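Biologist: I'd like to learn how to read side-chain contacts and strand pairing in a model. Can you walk me through it?

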Amino acid sequence: MYPFIFEPLLKEKIWGGKDIRPFKRLLPGNDTIGESWELSHVEGNYSIVANGALAGQSIDDLIETFGAALLGGKVFQQFGKRFPLLIKFIDAQDNLSIQVHPGDELAQKRHHSFGKTEMWYVIKAAHGAALYSGFSQQIDAGEYVRRVADNSFMDVLQRYEVTAGDVFFLPAGRVHAIGSGCFIAEIQQTSNITYRIYDYDRRDARGNARELHVEQAKDAIDYTVYPDCRTTCEPAENSPVQLVQCKYFTTSLLSVNKTVKRDFATLDSFVIYILTEGRATIRDDGGNELTVCQGQTVLLPAAVQWLEIIPSPRAKLLETYVGNCGNQDSRFGIQD
């Protein structure tokens with residue numbers, strides 16, 4: 001095995017824009033791409049390897065062939081032959097619907113699926129662009145239903161104006177929406193279960209409104225009011241900054257202008273790198289080398305013990321895996 005990149009799965013959306021193709025250096029098109037699924041094991045949307053000797057094989061093929069050597073022993077034991085994370089870029093030219101995702105228990109009961117806990121990293125944002133996450137005041141299930149019916153539900157949502165580098169953690173059950181002018185990277189559980197609550201009465205080309213899931217969402221919503229749903233962190237150059245750690249994934253930001261070394265000898269998990277800026281070469285302990293550019297996502301097999309990230313001249317990456325790598329600072333080497 002070696003570090004894998006995959007063919008993007010481009011998704012046209014009613015709210016999509018024109019930024020994903022240039023961001024990923026793809027050929028221009030007239031379509032409005034809302035999402036690029038970078039790494040997916042969602043049924044009917046399996047990612048296909050784009051590089052190396054295994055090009056053309058799906059993520060499902062890789063798991064069948066390599067199992068724990070790809071996923072990690074503890075990951076394989078917990079999730080079996082299902083890759084547990086879904087990676088996306090999202091370009092919102094218009095507002096996305098107000099929605100919520102069920103947790104594991106409810107998703108398994110209703111859909112035989114994982115739940116959907118996720119995070120957002122804002123790559124860029126237009127002036128005044130905003131996201132919605134959580135409630136601004138306390139309501140209950142009854143008031144939720146009434147407010148959806150009288151079109152006042154958005155009055156009780158918490159709105160956050162955003163800029164590049166903002167981070168939001170969205171546990172299952174938190175009502176949320178991406179606003180127009182936001183371009184984000186999304187890391188989530190492998191699930192395509194979304195309960196759409198409100199969609200601004202939008203119509204498709206045939207004049208049809210999109211389906212809403214008001215009743216299904218009622219039991220999935222966490223009605224707790226949180227003081228601040230934005231994740232705060234201190235930026236650092238050439239040092240990892242942990243953004244999110246939960247039972248589903250740990251994500252850190254690496255902003256580098258020097259060669260760095262990451263040690264995964266005791267991690268026992270695959271590692272994903274999402275290049276949000278710049279260009280870098282990744283070299284692992286097996287001698288495999290891969291150069292990646294802004295907009296590409298790399299899957300590093302769990303069998304890899306360590307790797308070097310060599311920016312040219314700078315790079316910014318999101319690093320994601322399942323579990324905890326221990327003291328990150330002591331495992332991050334900087335080489336002049």
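This is a predicted model: local features need pLDDT of at least 70, side-chain atom pairs count only at pLDDT 80 or more; totals for chains, interfaces and linings use all residues.

Biologist: How many salt bridges does a search of the whole structure find?

Modeller: The general idea is a side-chain nitrogen of Lys or Arg within 4 Å of a carboxyl oxygen of Asp or Glu. The search of the whole structure turns up 20 of them. One of these pairs R202 with D94, at 3.5 Å from N to O.

Biologist: Where do R202 and D94 lie?

Modeller: Helices (H or I, at least four residues) and strands (E, at least two) are DSSP runs, numbered from the N terminus. R202 is in the loop between β14 (195-198) and α7 (214-218), and D94 is in the loop between β6 (85-92) and β7 (98-100), so the contact ties together parts 108 residues apart in sequence. R202 is buried, at 12% relative accessible area. There's a network here too: salt bridges link D94, D199, R202 and R210.

Biologist: Which side chain meets R314 in a salt bridge?

Modeller: That's E237, at 2.6 Å from N to O. R314 belongs to strand β22 (residues 306-321), while E237 sits in the loop between β15 (230-231) and β16 (241-245), 77 residues away. R314 is partly exposed at 42% relative accessibility, and E237 is partly exposed at 40%.

Biologist: And R283 with E308: what is the N to O distance?

Modeller: It's 3.2 Å. R283 is partly exposed at 31%, whereas E308 is buried at 13%.

Biologist: Now the strands: how many bridges join β8 to β11?

Modeller: Two strands pair if DSSP finds at least two bridges between them. Here four bridges join β8 (residues 118-125) to β11 (residues 167-170), and the strands run antiparallel. E118 stands opposite L170 in β11. β11 also pairs with β15, antiparallel over two bridges, and F168 has R230 in β15 as its bridge partner.

How values were computed:
Residues are numbered from 1 along each chain as its sequence is written. Side-chain values use heavy atoms; hydrogens and water are left out. Buried means under 20% relative accessible area, exposed over 50%, partly exposed in between (1.4 Å probe, protein chains only).
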